[in-house]
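Dear colleague,

Please find the structure below, with the sequence alongside.

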Amino acid sequence: MITNYQDYENKLWNIEKQMRTSKAILLPTPPKEELIPIDLNERKIKVPKSFIIVSQDHSAETLYFTFDRYFDGMDLSNTCCIIQFQNAKGEAYYYVVPYMDITTDNVNQKIIMPWVIQNAATKYAGTIKFAIKFFSLNAVGHLMYELNTLVAEAIIEQGQNWDLDNISQEEFVFDKAFI
């Protein structure tokens, strides 16, 4: 936990300057994966049990969230967004959401945004905990808006983690009978 409000604002300022969430369009079509709904009124992320994330994966799985573009008069597409998470060993990280798609489901005024699951999240098999934060700062870095979800959980399934330096590569023997 950051100790004081000024340190907190400074950290958000640095995140926003590092990589401001931008608007984009998912091309050529919406993701084929299941969209994970976020109910902003209840602040709940409704994580399905249908997707699989495996330990040691890196950028192999992308979760796509969908939620209302407008919440209590605020256009969330004008905010910076981060996903704060703890991996199965309790190590804390954050992921800066690179873009929000406001076009694909514009009829319903929904935003679709990705979380590319990287190795900090998949280092260990077990339960990962995460929450999503939307925020905006004024020109001098003071917090003007902040919206947080409740903590959600997902399972990182056990994968195989070989030490490649200590195993032998199987030799490939070409069989001339297949020529």
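The notes below take up a central strand, the nonpolar cores and some of the salt bridges.

This is a predicted model, in which local features need pLDDT of at least 70 and side-chain atom pairs count only at pLDDT 80 or more, whereas totals for chains, interfaces and linings use all residues. Residues are numbered from 1 along each chain as its sequence is written, and side-chain values use heavy atoms, with hydrogens and water left out.

Nine of the twelve residues of E12 are buried, so the strand is largely enclosed by the rest of the structure; buried here means under 20% relative accessible area, exposed means over 50%, and partly exposed lies in between, with a 1.4 Å probe and protein chains only.

Two strands are taken to pair if DSSP finds at least two bridges between them. On that basis E12 runs antiparallel to strand E8 (residues 80-86), to which seven bridges join it, and isoleucine 82 stands opposite lysine 133 of E12. Five bridges join E12 to strand E14 (residues 152-157), again antiparallel, with glycine 126 opposite isoleucine 156 of E14. E12 also pairs in the antiparallel sense with strand E13 (residues 143-148), over five bridges, and here serine 136 has tyrosine 145 of E13 as its bridge partner. In the hairpin of E12 and E13, five residues lie between the strands, and glycine 141 takes a positive phi near 90 degrees.

Turning to the interior, a nonpolar core is a set of buried Ala, Val, Leu, Ile, Met, Phe, Trp, Tyr and Cys residues joined through side-chain atoms within 4.5 Å. The largest has 34 residues, of which Phe65, Trp115, Phe130 and Phe134 touch the most other members. Among the elements that give two or more residues to this core are strand E5 (61-68), strand E11 (110-117), helix H2 (119-122) and E12. Another core, of seven residues, lies apart from it and includes Leu12, Cys80, Phe135 and Leu143. If contact means heavy atoms within 4.5 Å, and residues up to four places away in sequence are not counted, phenylalanine 65 touches, among others, Ile36, Ile83, Trp115, Phe130 and Ile132.

Finally, the salt bridges, each defined as a side-chain nitrogen of Lys or Arg within 4 Å of a carboxyl oxygen of Asp or Glu, come to six by this rule. Lysine 133 forms one with glutamate 146, the closest N and O atoms being 2.4 Å apart, and this pair links distant parts of the chain, with lysine 133 in E12 and glutamate 146 in E13, 13 residues apart. Lysine 133 counts as buried at 7% relative accessibility, whereas glutamate 146 is partly exposed at 27%. In another, glutamate 91 and lysine 123 have their closest N and O atoms 3.0 Å apart; glutamate 91 lies in the loop between E8 and strand E9 (92-96) and lysine 123 in the loop between H2 and E12, so the pair ties together parts that are 32 residues apart in sequence. Glutamate 91 is partly exposed at 27% relative accessibility, and lysine 123 is partly exposed at 31%.

With best regards

Note on methods:
Helices (H or I, at least four residues) and strands (E, at least two) are DSSP runs, numbered from the N terminus.
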